Amino acid sequence: MRRIRFNGTDSKNGGCPAVHEDLDSGEIIVQGQSVTAPHDIAQLQHLGPGDVAVAVPRELLVNHGPKEMKRVPKLIGLDEFGRLFETFEHSAWHLETRQGYASDREDAGYAEFLASGEAPMDLDSDWCQNILRQTTAGKYVGRVRVVDASPTEGQRFLLSYARCNAATGEDARNVWREDADLAHLPEEDFWLFDSRSVAVLRFDEQDRFHDVEIITEPVEVLRYCQVRNAAVHASVPYDQFATQLAAKE
């Protein structure tokens, strides 16, 4: 079964034509109007059995097709990644899709959450103090967290911790995984800075954060901007989401 990612469309109403990519093989899948007229088919060369020809505007391939044979990832260290939260100009936005994070489980506040059911408000931490400085300066910081139908322990911790996120001025939101799937959100964690660069976070099988890939290619950044917009549209503020969760239990 293919893992297919939507790369983009120039359609103004969200329909054809569009470009997709097979994440495993790297193949590009073009969606457009079928070329079926016998006279047109007769002019095509090398159209084999089972092949289908489609017509798309030239601009679609220019805007959303691959620009190189293979993109070489640009990786940065954790110190450089941390500085991005101090130097962004107007906005920083995060999509969280994992069922849990090793860094949360290793935090002292996690044990407090397990004991009391409520995450601590660590507003004096370096992270919270910096985000508060940024939002006080008028910058936007937001995130959408994806939550399973039966939330994991880690997801419940983050939902409780969202009180702290909101207290620093963050726009903290949540979305059910079913709704995230309907909105075609990718299963990856990333930060989007100033709608100009993307930091994709990489984790190992134990949920440990190990490196960051920076993406600045405009077409790729645009795709992540579209993901952000879809995620915000599909999600609700964390406190409203907590009420939904309580009603289900």
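This is a predicted model: local features need pLDDT of at least 70, side-chain atom pairs count only at pLDDT 80 or more; totals for chains, interfaces and linings use all residues.
Residues are numbered from 1 along each chain as its sequence is written, and side-chain values use heavy atoms, with hydrogens and water left out.

**Sheet and helices**

- Helices (H or I, at least four residues) and strands (E, at least two) are DSSP runs, numbered from the N terminus.
- An open sheet of 8 strands has the order β6-β12-β11-β10-β7-β8-β9-β13, with mixed pairing; two strands pair if DSSP finds at least two bridges between them.
- At the edges stand β6 (74–76) and β13 (236–237), each of which pairs on one side only.
- Strands β7 (residues 91–96) and β8 (residues 140–147) run parallel and are joined by 6 bridges.
- E96 stands opposite R145 in β8.
- Helix α9 (residues 218–234) packs on the sheet, where it touches β7, β8, β9, β10 (189–193), β11 (197–203), β12 (209–215) and β13; contact means heavy atoms within 4.5 Å.
- The direction of α9 makes about 105° with that of β10; axes are lines fitted to C-alpha atoms, for helices over the stretch in contact, and angles run from 0 to 180 degrees between N-to-C directions.

**Pockets**

- On a 1 Å grid over the protein atoms alone, a pocket is an open set of points with protein on both sides within 12 Å along at least five of seven lines, a cavity is a set where a 1.4 Å probe fits but cannot get out, and lining residues have an atom within 4 Å of a point.
- Grid points are joined across faces, edges and corners, and a volume is the space filled by probe spheres set on the points.
- The largest pocket holds about 1600 Å³ of space, and of its 47 lining residues R5, L23, E188, R223 and Y224 are the closest to its centre.
- Helix α9 gives the largest share of that lining, 7 residues; β1 (4–8), β2 (18–22) and α8 (177–182) are among the elements that each supply at least two.
- The lining of the largest pocket has 18 nonpolar, 9 polar and 20 charged residues, where Ala, Val, Leu, Ile, Met, Phe, Trp, Tyr, Cys and Pro count as nonpolar, Asp, Glu, Lys and Arg as charged, and the others, Gly among them, as polar.
- The second largest pocket has about 860 Å³ of space and is lined by 28 residues, with S103, D104, W127, R143 and Y161 nearest its centre.
- Its lining divides into 12 nonpolar, 6 polar and 10 charged residues.

**Cavities**

- The whole structure has 2 cavities of 30 Å³ or more.
- The largest cavity, with a volume of about 50 Å³, is lined by E96, T97, R98, Y101, R145, V146, V147, Q155, L158 and N174.
- Strand β8 supplies the largest share of this lining, 3 residues.
- The second largest cavity has about 30 Å³ of space, and its lining consists of T97, V146, R177, A180, D181, L185, P186 and E187.
- Helix α8 gives the largest share of the lining of the second largest cavity, 3 residues.
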